[in-house]
Amino acid sequence: MTAPVSEFREWLTTFLPGDYYERYRQYRWDIRLRREYQRAAFEAGWIQPTWPREHGGRSLSLRDAMEIRIQAALCSAPKLPNIAGPNVAAPGIRQFGTPEQIDRLLVPLLRGDEWWALGMSEPEAGSDFAGLRTRADRDDPNSKVFRVNGQKIWTTQAHESRWCTLYARTDPDAPKHRGISCLILDLHSPGVRIEPIRMASASDETFCEVFLDDVEVPVDNLLGPCNGGWNVALASLHHERQMIWVMNWVEIKRGLAALQSTRDPDIYAELGSLLADAEALRATGYRALSNELAGRTSPEADILKLLGSVTLQRVWELGAAAAGPASAGDADLLFERQDALAATIYGGTSEVQRNIIAERLLGLPKG
Ligand SMILES: Cc1cc2nc3c(=O)[nH]c(=O)nc-3n(C[C@H](O)[C@H](O)[C@H](O)COP(=O)(O)OP(=O)(O)OC[C@H]3O[C@@H](n4cnc5c(N)ncnc54)[C@H](O)[C@@H]3O)c2cc1C
């Protein structure tokens, strides 16, 4: 364990309540503790460890940052209450934001004082993100505001968020992916209506529909260049994927640990296969990291997303099979299975990942 990782562990042990692990089932959903954790982690520089101190970091290496992320998950550190903020919106703001945007938005986001939602998916444009129809028009080329009309869906936590990275069509005549811009939308603006969607699972990461009716967004709120939203989205997805495989891997380890005491020989073959896939996931993650450290493009990102999410689902399905009929009454197991179902959808569905791997990595012809 490197020095920063040991320091993080010590810090975490000091931060957590003495009975945290005994009462983990309650603490897991304790929003006050999770908010305090985010604030304290920001002050201590653990939120984005590669960034400088004023931006919630310690200027550590990518390798240390990844080990800290893994360590946090292995120690069941409290989950950040609004994951999309620090892990998806913040890197985008830092990469594409103007100095004024960074000054105004980054610290409240990283401390957890202002939550963020991601406004990408629409009812007719999920996997086909480039097909989005929400429009952001200017009355004339000198106008200081965009007028936004349209609808977003599956916008996690929009009802509790202050801001949204909203992707909208700003040039309807350009090829689909070249006419999109990313706007920083104040969700308290007139004309924004947010409707939470009733969830089947116990998750507190509520989905919402966001309706936009003549919403005025200042042109100064463009994140990145006008009509350059495609690249902002790709960068955001890249950051999201760096986080997702680690989250998946730790959950897989947790599920497998629970299964290894099982004495049911019927599950051994699948258990062995899952142990091997968990190791393959970890090794591929490290290969992606070493490519990134060497400044090479990393072809592993799509494989990590696909392998991590599919393996996670298989782990909890095996958990249910091993538990037999008792699994139906086990609320924790039910939650894990439901939660894992989402993993092959968010951040790019498995079918789409398979297409990308087939076409771009394996060079197979388009179907
Ligand atoms: C937990 C969770 C959180 C989310 N949070 C957000 C959020 O905060 N903000 C946001 O904008 N979105 C969010 N989403 C939405 C998510 O990004 C979309 O669900 C995803 O992009 C898929 O789009 P869709 O649901 O419209 O399905 P569709 O794109 O309609 O796909 C339906 C089915 O068709 C398949 N399919 C589609 N295209 C192809 C193809 N070319 N080849 C083969 N198969 C194909 C898909 O794999 C899928 O099985 C979230 C989703 C989940 C599950």
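**Ground rules.** I number residues from 1 along each chain as its sequence is written, and my side-chain values use heavy atoms, with hydrogens and water left out. Since the model is predicted, local features need pLDDT of at least 70 and side-chain atom pairs count only at pLDDT 80 or more, while totals for chains, interfaces and linings use all residues.

**Entry 1, overall build.** I looked up the secondary structure and found 11 helices and 8 strands in the protein. These are DSSP runs numbered from the N terminus: helices are H or I with at least four residues, strands are E with at least two. The radius of gyration is 21 Å, close to the 21 Å that the globule rule gives for 367 residues, so the protein is as compact as a globular protein of that length. That radius is taken over C-alpha atoms, and the rule is 2.2 Å times the number of residues to the power 0.38. Along the principal axes, the C-alpha trace spans about 70 × 50 × 45 Å.

I find 48% of the 367 residues buried. Buried means under 20% relative accessible area, exposed over 50%, and partly exposed in between (1.4 Å probe, protein chains only). Of the contacts with a separation of 6 or more, 68% join residues 24 or more positions apart; contact means heavy atoms within 4.5 Å. The protein exposes about 17,900 Å², and carbon and sulfur atoms supply 52% of that area. The areas come from the Shrake-Rupley method with a 1.4 Å probe, and for residues only the protein chains shown count as cover.

I noted 41 positive and 49 negative charges, with mean positions 2 Å apart. Lys and Arg count as positive and Asp and Glu as negative; His and the chain ends are not counted. Each charge is placed at NZ of Lys, CZ of Arg, CG of Asp or CD of Glu.

I checked UniProt, where an unreviewed entry lists "domain: Acyl-CoA dehydrogenase/oxidase N-terminal" at residues 7-113. UniProt positions are in the numbering used here, feature names are shortened, and annotations may be inferred rather than shown by experiment. In the model, residues 7-113 are 62% helix and 0% strand, with the end C-alpha atoms 26 Å apart. The unreviewed entry also places "domain: Acyl-CoA dehydrogenase/oxidase C-terminal" at residues 227-362. That stretch is 77% helix and 0% strand, and its end C-alpha atoms are 31 Å apart.

Most residues other than glycine have a negative phi. I looked up two with positive values. Ser76 has phi near 50 degrees and sits in the loop between helix H4 (62-74) and helix H5 (84-96). Ser76 is buried, at 17% relative accessible area. Trp154 has phi near 60 degrees and lies in the loop between strand E3 (145-152) and strand E4 (163-169). Trp154 is partly exposed, at 46%.

I found Asn291 in helix H8 (residues 268-293), buried at 9% relative accessible area. Not counting residues up to four places away in sequence, Asn291 touches Arg296, Thr297, Ser298, Pro299 and Glu300. Asp204 is in the loop between strand E6 (192-196) and strand E7 (208-218), partly exposed at 26%. From Asp204 to His188 I read 16 residues in sequence and 21 Å in space, C-alpha to C-alpha.
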